[in-house]
Amino acid sequence: MRTGISVIILAATLAFFAAAPAGASGLDDADEQMKYLEEANETLGHRLDVLEKMVDDLLWFQKLGEYAFIDKVFITGPPPANEKNPTAMGYGNPVKFWSYVFVPKGLDTSKKYPLIVLPHGGVHADFTTYHTHIIRELMAQKYIVVAPEYRGSTGYGKGFYERIDYGGLEVEDTRASRDYMVENYDFVDGGRVGIIGWSHGGLIALMNVFDHPDLYKVAFAGVPVSDLISRMGYYTDDYRELYSADYHIGKTAFDNVEEYKRRSPAWQAHKLQTPLLIHTNTNDDDVNVLEVEHLIKSLKAEGKKFEYEIFKDVPGGHSFDRIDTKRAKEIRLRIYKFLAGYLKPPVELRTIGDIDRAAYRE
């Protein structure tokens with residue numbers, strides 16, 4: 001069945017590029033190719049995103065099927081943030097979204113196991129097999145993992161894409177995925193739930209523990225987007241336009257600075273009650289270290305207890321602890337040790353050898 005679907009997807013992809021203008025799919029002009037793909041995706045109602053998601057979903061089973069039971073569940077979060085017609089049929093209905101579920105093979109379901117909630121990063125991104133090795137490492141420790149495709153994620157069409165509520169109801173969708181796991185899997189220990197995320201996923205992790213401290217035992221935020229106001233200052237006009245679009249925040253930071261503060265962890269630091277580890281990197285080419293430094297200083301000013309490390313020019317930049325170098329694995333071991341202190345997984349990865357063995361079926 002999967003092979004048949006793969007062939008259909010491949011044929012559709014080849015047909016799309018065959019219809020492209022001459023040179024659009026060539027490698028001689030990467031900028032023009034990217035521009036063409038973005039414009040084509042918008043014209044086609046984000047069908048390219050959907051196609052890419054279908055392919056990546058197949059890859060999850062191919063890459064991780066030996067290690068985990070994999071499911072994709074359809075659940076609900078709060079109603080949309082912006083609904084223009086209050087008399088429309090279905091007004092106020094919850095937003096429906098998908099979440100990935102990974103359960104390590106070999107669990108004794110008569111026992112309780114810790115849960116990791118892992119929101120993906122990115123403005124309009126999704127949970128992809130980029131995370132394969134991290135999921136394998138979590139499976140090796142016998143964590144159960146849920147990864148929400150919260151509103152605004154790519155791969156589900158234009159309508160869902162434009163449901164985005166950056167730093168707002170995305171946070172509540174993530175909490176809903178946590179609640180779903182506790183309510184529906186009786187071998188999930190609701191008292192041992194952690195949340196981890198990188199980049200925008202780090203923002204979502206932070207806002208979850210700020211707004212729902214009783215639901216999480218521990219949190220990790222890697223290179224987290226921390227201050228949207230400063231971010232609007234050092235990014236380009238094209239990036240700022242993403243946020244001021246009608247279906248998004250709808251205004252610039254100049255027009256509504258309080259709204260940008262509300263969605264920024266650095267301005268919510270007074271809420272922290274949960275054990276927290278923060279990582280950042282001075283050569284980050286996406287989330288400038290100054291954002292995370294602002295968060296760290298805000299937490300200190302509020303007298304909060306937390307742990308952090310500012311890494312100095314570690315190769316990989318924004319992805320420095322998510323890639324597969326020896327240094328990245330060593331840093332991930334620190335993250336896992338921190339989490340294990342609160343979540344008590346059945347297995348703890350202690351060495352680089354443990355990390356490497358987690359990448360292969362034993």
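Contact here means heavy atoms within 4.5 Å. The model is predicted.

Figure 1. Thr274 sits in the loop between helix H10 (257–262) and strand E7 (276–281). Its relative accessible area is 3%, so Thr274 is buried. Leaving aside residues up to four places away in sequence, Thr274 touches Val209, Pro213, Tyr216, Lys217, Val218 and Ala219.

**Figure 2. The protein chain as a whole.** The protein chain carries 13 helices and 8 strands. It has 362 residues, and 51% of them count as buried. Take the contacts between residues at least 6 apart in sequence: 73% of these join residues at least 24 apart. The close-ups that follow pick out individual sites.

Figure 3. Val188 belongs to strand E5 (residues 188–198). Is Val188 buried or exposed? The relative accessibility of Val188 is 2%; the cut-off for buried is under 20%, so Val188 counts as buried. Val188 touches Lys112, Tyr113, Leu115, Ile144, Met181 and Val182, with residues up to four places away in sequence left out. Pro114 is 74 residues from Val188 in sequence. In space, the C-alpha atoms of Val188 and Pro114 are 6.1 Å apart.

**Figure 4. Crossing of helices H3 and H4.** Helix H3 covers residues 47–64, and helix H4 covers residues 132–140. Their axes come within 11 Å and cross at roughly 45 degrees. That angle makes H3 oblique to H4. The crossing of H3 past H4 is right-handed. Which residues meet? From H3 come Trp60, Lys63 and Leu64; from H4 come Thr132, Ile135 and Arg136. By class, the residues of this contact split into 3 nonpolar, 1 polar and 2 charged. An α-helix has 3.6 residues a turn, so residues three or four places apart point the same way.

Figure 5. H4 is mostly covered. How many of its 9 residues are buried? The count is 7. The buried residues in H4 are Thr132, Ile134, Ile135, Arg136, Glu137, Leu138 and Met139. Thr132, Ile135 and Arg136 also meet H3. Just after H4 comes Lys142, with a positive phi of about 70 degrees.

**Figure 6. Aromatic pairs around Phe102.** A pair of aromatic rings is described by the distance of the centres and the angle of the planes. The chain holds 19 aromatic pairs, counting rings whose centres lie within 6.5 Å. In one of them, the ring centres of Tyr100 and Phe102 are 6.3 Å apart. The planes of Tyr100 and Phe102 make 15 degrees, so this pair is stacked. Tyr100 and Phe102 are both buried. Phe102 also pairs with Phe127. Here the distance is 6.2 Å centre to centre, with 50 degrees between the planes, and the pair is tilted. Phe102 is part of strand E2 (residues 96–104), while Phe127 is in the loop between strand E3 (113–117) and H4. The pair therefore ties together parts that are 25 residues apart in sequence. Phe102 has 0% relative accessibility and counts as buried. Phe127 also counts as buried, at 0% relative accessibility.

**Figure 7. A cluster of tyrosines.** Which residues form one aromatic cluster? The members are Tyr166, Tyr234, Tyr235, Tyr239 and Tyr243.

Figure 8. Most residues other than glycine have a negative phi. Asp313 has a positive value, near 50 degrees. The loop that holds Asp313 runs between strand E8 (307–311) and helix H12 (326–343). Lys344 is in the loop between H12 and helix H13 (352–357). Is Lys344 buried or exposed? Its relative accessibility is 53%, and exposed means over 50%, so Lys344 counts as exposed.

Technical notes. Residues numbered from 1 in each chain as written. Predicted model: local features only at pLDDT ≥ 70, side-chain atom pairs only at ≥ 80, totals over all residues. Heavy atoms only, no water. Helix = DSSP H or I, 4+ residues; strand = E, 2+ residues; numbered from the N terminus. Buried < 20%, exposed > 50% of the residue type's maximum accessible area, 1.4 Å probe, protein only. Axes fitted to C-alpha atoms, helices over the stretch in contact; angles between N-to-C directions. Parallel < 35°, antiparallel > 145°, perpendicular 65-115°, else oblique. Left-handed = near helix turned anticlockwise from the far one by under 90°. Nonpolar A, V, L, I, M, F, W, Y, C, P; charged D, E, K, R; others polar. Phe/Tyr/Trp six-rings, centres within 6.5 Å; stacked < 30°, edge-to-face > 60°.
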